[in-house]
Amino acid sequence: DSSSMVSSICSPLEHEMLAGLLLAYGRTLFWGYAATVLLILAGGSWGWLPWAYLKAVGLLQSFFPSVYPRSKEVDQARWPQLIHKPSWTRLLRPHPERPALFGFIHDETSSAKGSEKTVELRDHWDASATLIGAGLTAIVQDDFSAAFTPAPTLCESLNGFSLHPDWSQLQKTVFAAGLVVRILFLFPIRLALVATSFLWLFIWAAYAACITINPRLRTWIAVKYSRIFCAGTGVIAEYTQKEHRPTGSGFAVSAHLTPNDAHILSADIPIATGHSYLVTGQRHTGIIGLMEQMAARIIPTLWLDRASADERRNFAENVLEAAKKPAPVLFFPEGYCSNNTQLLQFRRAIFVRDVDIHPIAIRQDSRFGDGFWSEDLFKDYMIRLLTSWAVVYKIIYLPKMRREVNESASEFATRVHDTIADASEVQPAVFDGSFWYKKAEQVKVRESQQQALAQLLCSNIEDDKENTPCLLVAPPVDRTLSEELLVPRPKAHAPFANKHSDQAPPPRRLSVTGGSGVLGCSHAMNIPEIIVTE
C-alpha cells in the first residue's frame, strides 16, 4: 500500500516536470528561430554572439589533440602532404600556355621560386629511375586529389556521430554533450530556417509571376532569402575590404567551395544599390533545380547544361554580353567545387574580352565545419551542414583587375588566379576540375608526359651519336649490361679517342625544342659507353 501511494504521488510530478522540460525546450527552439528571422528581416544581426559561440566551440576542441602536422616553414610537409616532395616530382606549369610537365623535364624548374635544383639525367636509365621515384611519391601523396576530399580540421573533429575508442572519459563526455547540442538544438532551428528560406522564395516567385517587381524590391528579396538560407546552413561569415566590393559592369570572380557560394556572396549586397549579382552556374535537377527556377523569377540568372555543346557555346557568348550591363556577373571560373586547400586552374572563357574583373577570395576555417560538397546526395550534404557546429568563412574583396596590353587571355586568367590564391592562402593548382572528373583529360596529361620525355631522350641520343667519341654496340649475349659497363676502357684502341687527354668529355647542357616550340629542357646527358677493342 505504501509503495502504491508513493507511485501515485510521484507520477503526476514526473509528468509535470517532463511537460515543463518539453515546453521550455520548444520555447527555446521557437525563440531562437523567430529571433533570427526577425533580426534578418529588420536588417540586424546577432552581433558578437556568433564569434563568442565559436570561441566556446574552440574551447571544446582544445580537449582533443591535433591530428595533422602544422609547419610554417616554406615547402615543408604539412597537410595535405604526408611527405615532403621535392619539386622535380611535381607537375609544374611555368607558363599558362605550356603543358604541365614533371619538374625534371622543365629547364625552368631550377630557377622557379622556392624550388630546389632539378635532377640531372645522364641517360635513359636515370630517366626511368626518376619517373619511378615521381610515381611512388604520387602514390603516397599526389598533389591534386586532396582538393576533392573533406577539408582538414587540423584537430579531432567534433562533427561526427560516434565516439572514438581511444578517447578518455572526459573527451567522451565533452563529445556527447556537443552531440546533444548539435542534434537537439542546432539541427531543428536550422532546418526551420532553411524551410523558411524555401517558402520565402516560393511565395515571392509566385508573386513575381503575376505582378512586375521593381529592381530595388527584387534585391531586397534576394538578400533576405540569402541571409535566411545562410543562417540555416550555419554560415558565419566575415566580409573584409568592402571598399572593393563588386559594383558596376564586369565579372565578380570567386573561388568555388559549395553550391551555396552564391548565397554567401549575395548576402552581403547593399540593398540600396538596387541590383544583385547576375548569378551563373550549372543547371541541376531535383530540389536544386527547383530553387534555380524560382530564383530566376527574382534575380537575373544564366544556367548552363554542360551536356549540350551548343548550350556551352551560347552560354559563353551570353555571359560575356551580360558583363557589359550595370550589375556584375557572379562567375566561378574553376568550374568545379574544391575544399579550399587548393585553387583549381581558371578557365579562360571570360578573360578573352577587355572587361573588369572583381576578384573575391574565400577562406574557410574547417575546424567548425566543412562547406565542401563531398557527398553523393544533396540531402546527405545538407544533413551534415545542419548538424555541424558552423561553416566559417572569411570573404576578402580584392581590387578590380583589367587585362593589360599584350597580355593573353591565359596569362590574365593565371594572374587573377594567383592573386586570389595568395589572398586565400591556398596553393594554386595546375589543373582544373575536369582533370579529376574526366578520364580523357587524365589520358591527355599522361600522353603529354610520355611525348615530352621521349623527345628529350631521343634528341639527346641523336646528339650523342653525332658528337660523343665512342662507338655504341649491343652487349654480347653471354655478358650482362652491368658486366659490360665494368669493362675497363683500353686507351690505345679506343676509336676516335682523344690522344691528348685520358679524361672523358664533360657532360653537355642540352636544349630540346618540341614540335610546337614550347618544350624546353637543359640537362646533363652522358650515354654509357661500351668500347669494343680491335
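This is a predicted model: local features need pLDDT of at least 70, side-chain atom pairs count only at pLDDT 80 or more; totals for chains, interfaces and linings use all residues.
**Exercise 1. Find which residues Ser-434 touches, leaving aside residues up to four places away in sequence, and decide whether Ser-434 is buried or exposed.**

Solution. Begin with the contacts, where contact means heavy atoms within 4.5 Å: beyond its sequence neighbours up to four places away, Ser-434 touches Tyr-336, Arg-347 and Glu-441.

Residues are numbered from 1 along each chain as its sequence is written, and side-chain values use heavy atoms, with hydrogens and water left out.

**Exercise 2. Work out in what order the 7 strands of the open sheet lie, and which strands are at its edges.**

Solution. Two strands pair if DSSP finds at least two bridges between them. Strand 3 (235-240) and strand 6 (301-304) are the edge strands, since each pairs on one side only. From one strand to the next, the twist averages 20°.

**Exercise 3. Describe how strand 5 is joined to strand 7 and to strand 6.**

Solution. Take strand 7 to begin with: strand 5 (residues 278-282) and strand 7 (residues 329-331) run parallel and are joined by 2 bridges. In strand 7, Val-329 is the bridge partner of Leu-278, and Leu-330 is that of Val-279. Turning to strand 6, the pairing with strand 5 is also in the parallel sense, over 4 bridges, and here Val-279 stands opposite Thr-301.

**Exercise 4. State which strands helix 8 lies across, and at about what angle helix 8 runs to strand 6.**

Solution. Helix 8 (residues 309-322) lies across strand 4 (251-254), strand 5, strand 6 and strand 7, and its direction is at about 160° to strand 6. For such angles, axes are lines fitted to C-alpha atoms, for helices over the stretch in contact, and the angles run from 0 to 180 degrees between N-to-C directions. Helix 10 (residues 409-424) also packs on the sheet, where it touches strand 4, strand 9 (357-365) and strand 10 (391-397), and its direction makes about 35° with that of strand 9.

**Exercise 5. Determine how the axes of helix 4 and helix 9 cross, and which residues make the contact.**

Solution. The axes of helix 4 (residues 169-210) and helix 9 (residues 378-386) come within 9 Å and cross at roughly 125°. Helix 4 is therefore oblique to helix 9, given that angles under 35 degrees count as roughly parallel, over 145 as roughly antiparallel, 65 to 115 as roughly perpendicular and the rest as oblique. The contact is made by Leu-186, Phe-187, Arg-190, Leu-191 and Val-194 of helix 4, together with Met-382, Leu-385 and Leu-386 of helix 9.
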